[in-house]
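Trainee: I would like to learn how to read a structure feature by feature, with the general idea before the particular case. Could we go through it together?

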Amino acid sequence: MIERTLSIIKPDGVKKSIIGEIISRFEKNGLRISAMKKIWLTKEEAKGFYIVHKERPFYDSLTDFMSEGPIVVMVLEGEQAISKNREIMGATNPANASPGTIRKDFAENVERNIVHGSDSPETAQFEIAYFFSALEIF
Ligand code: CMP
């Protein structure tokens with residue numbers, strides 16, 4: 001089934017100048033970039049995006065990190081895009097990520113883990129709508 005998922009290259013990925021490397025991995029694995037922009041979230045915008053994690057101990061630190069510099073947000077589209085993107089990213093904690101995944105290759109730790117990807121169709125719908133209108137997705 002063709003799906004859409006939200007991908008974010010986080011501030012650490014943008015600072016490391018690996019935007020092209022990351023996008024290239026998506027495209028080589030059959031995911032199309034249906035929408036894309038570079039933005040800089042405020043702390044409040046980061047908190048809204050990660051609202052499901054508001055009770056977690058890392059919520060404050062995570063939203064500080066996500067608002068420390070620009071990010072790249074994208075809509076990826078393709079067969080099983082949600083699970084495929086998660087495979088390409090690797091486990092949330094780079095210590096547990098498989099060889100050849102983005103997080104294994106580039107992430108520093110479980111928080112500064114380079115990329116985000118939606119984890120279900122419901123989450124993808126919320127996350128895509130958080131950043132893009134229907135008119136911006138092709
Ligand atoms: P992400 O896939 O964007 O979803 C939630 C984010 O919270 C996660 O990637 C990490 O950046 C961060 N995160 C998850 N678990 C932890 C943790 N135990 N400590 C700090 N940050 C975490």
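Trainee: How many salt bridges does the structure hold?

Mentor: Side chains of opposite charge can pair when their charged atoms come close. A salt bridge here is a side-chain nitrogen of Lys or Arg within 4 Å of a carboxyl oxygen of Asp or Glu, and the structure holds 12 of them. Please keep in mind that this is a predicted model, in which local features need pLDDT of at least 70 and side-chain atom pairs count only at pLDDT 80 or more, while totals for chains, interfaces and linings use all residues. Residues are numbered from 1 along each chain as its sequence is written, and side-chain values use heavy atoms, with hydrogens and water left out.

Trainee: Which residue forms a salt bridge with E77?

Mentor: The partner is R32, and the closest N and O atoms of the pair are 3.5 Å apart. Because E77 lies in strand β3 and R32 in strand β2 (residues 32-39), the bridge ties together parts that are 45 residues apart in sequence. The names of these elements follow DSSP runs, numbered from the N terminus, where helices are H or I runs of at least four residues and strands are E runs of at least two.

Trainee: Is E77 buried or exposed?

Mentor: Buried means under 20% relative accessible area, exposed over 50%, and partly exposed in between, with a 1.4 Å probe and protein chains only. By that scale E77, at 15%, is buried, whereas R32, at 45%, is partly exposed.

Trainee: Where do E44 and K47 lie?

Mentor: Both belong to helix α3, 3 residues apart, which is about one turn of the helix.

Trainee: What does R112 pair with?

Mentor: R112 forms a salt bridge with E68, with the closest N and O atoms 2.8 Å apart. This pair links distant parts of the chain, since R112 is in the loop between α6 (102-106) and β4 (115-117) and E68 is in the loop between α4 and β3, 44 residues apart. Salt bridges that share partners also join K15, K16, E68, E108 and R112 into one network.

Trainee: Which residues have the most contacts inside the largest nonpolar core?

Mentor: A nonpolar core is a set of buried Ala, Val, Leu, Ile, Met, Phe, Trp, Tyr and Cys residues joined through side-chain atoms within 4.5 Å. The largest one has 18 residues, and those with the most contacts inside it are L6, I8, M66, F131 and F132. The elements giving two or more residues to this core are β1 (2-9), α3 (43-49), α4 (59-66), β3 (71-79) and α7 (121-131), and α4 gives the most, with 4 residues. A second, separate core of 17 residues includes I18, I22, F26 and V115.
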